[in-house]
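Colleague: I have a model open and would like to go through it with you. Could we begin with a helix?

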Amino acid sequence: MENRIGVIGIIIEDLTFIAEVNEILHQYGGIIVGRMGIPYKEKKVNVISLIVDGTTDEIGALTGKLGKLKGLSVKSALSKK
């Protein structure tokens, strides 16, 4: 299966899940090319953007695990090829 480049956006609204998010991201560190995290204190949320390079299965597994956590939103966009 061919690798694709993608962007994943994560908004953590329930800050008690930060450790779980970081653990999942650590598990998929092999496909994460870059990461930027911003604590938006005025809104009491954390925003994380990821650049990933992996198969659709790997990226889907990452977003699926994150999506199962309550208290956060996850969206992804992948290159067409």
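Colleague: How many residues has helix α2, and how far does it reach?
Modeller: Helix α2 (residues 56–67) has 12 residues and reaches 16 Å from its first C-alpha to its last. That is close to the 16 Å expected at 1.5 Å a residue, the expected span being 1.5 Å times one less than the number of residues. Helices here are DSSP runs of H or I with at least four residues, and strands are runs of E with at least two, numbered from the N terminus.

Colleague: Which residues of α2 are buried?
Modeller: Ile59, Leu62, Thr63 and Leu66 are buried, meaning under 20% relative accessible area, where exposed is over 50% and partly exposed lies in between (1.4 Å probe, protein chains only). They cover an arc of only 90° around the axis, so they lie on the same side of α2; the arc is that of the directions from the helix axis to the C-beta atoms.

Colleague: What should I know about the source of these values?
Modeller: This is a predicted model, in which local features need pLDDT of at least 70 and side-chain atom pairs count only at pLDDT 80 or more, while totals for chains, interfaces and linings use all residues. Residues are numbered from 1 along each chain as its sequence is written, and side-chain values use heavy atoms, with hydrogens and water left out.

Colleague: Turning to the strands, how many bridges join β2 to β3?
Modeller: Eight bridges join them, and the two strands run antiparallel; pairing requires at least two DSSP bridges. Methionine 36 stands opposite serine 49 in β3.

Colleague: And what lies between the strands of that hairpin?
Modeller: Four residues lie between them, and lysine 44 takes a positive phi near 60° in this hairpin.

Colleague: Is valine 47 buried or partly exposed?
Modeller: Valine 47, in strand β3 (residues 45–54), is partly exposed, with a relative accessible area of 31%.
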